[in-house]
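Keep the structure open while you read.

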Amino acid sequence: AVVSTQSTGENKETCTLEDIRKQNEKIAQLEKECERLNSAHSNAQDKIKELEGRFGEEKDSHEKLFRQTEELARLTEENKNLMLSITPSLPPSPPNHRPSPSGNYRPSPEPRRKQRSTRSGSFEPRPARCETLQKPMPFVCGRSAHPSHS
């Protein structure tokens, strides 16, 4: 089947039904692609709006945190000035620091005091501690707290 159309003057175009069917399929395919792209565009716009909202919230919280930090610094300075005005000025004491091997300064440790035992050279047993309860284990006659090495 041949469909003929006549245009201006002598030009005649002939289209077969097969050509028309192919053009209709192409149009349908283009319409589906257009719908898919419109849907993707709509989803992208929704995502952009959501991200802009989150960005606005983050910006607001950042500004609030910045204001709070400034307020805290101001109050700290006020407290420092008040403390200096209340306490009498004492001459600074010499630091009790010695350099550590790493080059950092650490306060020197307090001198250790030797503990004197009433019995010299004797062994003083300590009660075993139960690790889960952090209480002394009860003494049971004839039982060992730990398995033997035999």
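1. Surface. The chain exposes about 15,700 Å². Carbon and sulfur atoms supply 55% of that area. Keep in mind that this is a predicted model.

2. Burial. How much of the chain is buried? Buried residues make up 1% of the 150 residues. To count as buried, a residue must have under 20% relative accessible area.

3. Elements. The chain has 1 helix and 6 strands. Read from the N terminus, the order is β-β-α-β-β-β-β. The helix is called α1 and covers residues 17-86.

4. Contacts along the sequence. Take the contacts in the chain between residues at least 6 apart in sequence. What share of them joins residues at least 24 apart? The figure is 0%.

5. Salt bridges in general. The count comes to 6 salt bridges. The next points go through some of them.

6. Glutamate 33 and arginine 36. These two form a salt bridge, and their closest N and O atoms are 2.5 Å apart. Both residues lie in helix α1. They are 3 residues apart, which is about one turn of the helix. Is this pair buried or exposed? Glutamate 33 has 34% relative accessibility, so it counts as partly exposed. Arginine 36 has 48%, so it is also partly exposed. The limit for exposed is over 50%.

7. Glutamate 71 and arginine 74. Here is another salt bridge, again with closest N and O atoms 2.5 Å apart. Both residues sit in helix α1, 3 residues apart, or about one turn. Glutamate 71 has a relative accessible area of 36% and is therefore partly exposed. Arginine 74 is partly exposed too, because its relative accessibility is 40%.

8. Arginine 74 again. Glutamate 78 and arginine 74 are 4 residues apart in helix α1, so about one helical turn separates them. At 37% relative accessibility, glutamate 78 counts as partly exposed.

9. A network. Salt bridges can share partners, as they do for Glu18, Arg21 and Glu25. The shared partners join these residues into one network.

10. A charged patch. Which residues form the negative surface patch? They are Glu57, Glu58, Asp60 and Glu63. Find glutamate 63 in helix α1. Glutamate 63 has a relative accessible area of 35%, so it passes the area limit. With that value, glutamate 63 is partly exposed.

11. What to take away. Buried residues make up 1% of the chain.

Technical notes:
Residues numbered from 1 in each chain as written. Predicted model: local features only at pLDDT ≥ 70, side-chain atom pairs only at ≥ 80, totals over all residues. Heavy atoms only, no water. Patch = residues over 30% accessible without salt bridge, like charges linked within 9 Å, V, L, I, M, F, W, Y side chains within 5 Å. Areas by Shrake-Rupley, 256 points an atom, 1.4 Å probe, with all protein chains shown as cover. Salt bridge = Lys/Arg side-chain N within 4 Å of Asp/Glu carboxyl O. Lys, Arg positive; Asp, Glu negative; His and termini not counted. Charge placed at Lys NZ, Arg CZ, Asp CG, Glu CD. Helix = DSSP H or I, 4+ residues; strand = E, 2+ residues; numbered from the N terminus. Buried < 20%, exposed > 50% of the residue type's maximum accessible area, 1.4 Å probe, protein only. Contact = heavy atoms within 4.5 Å.
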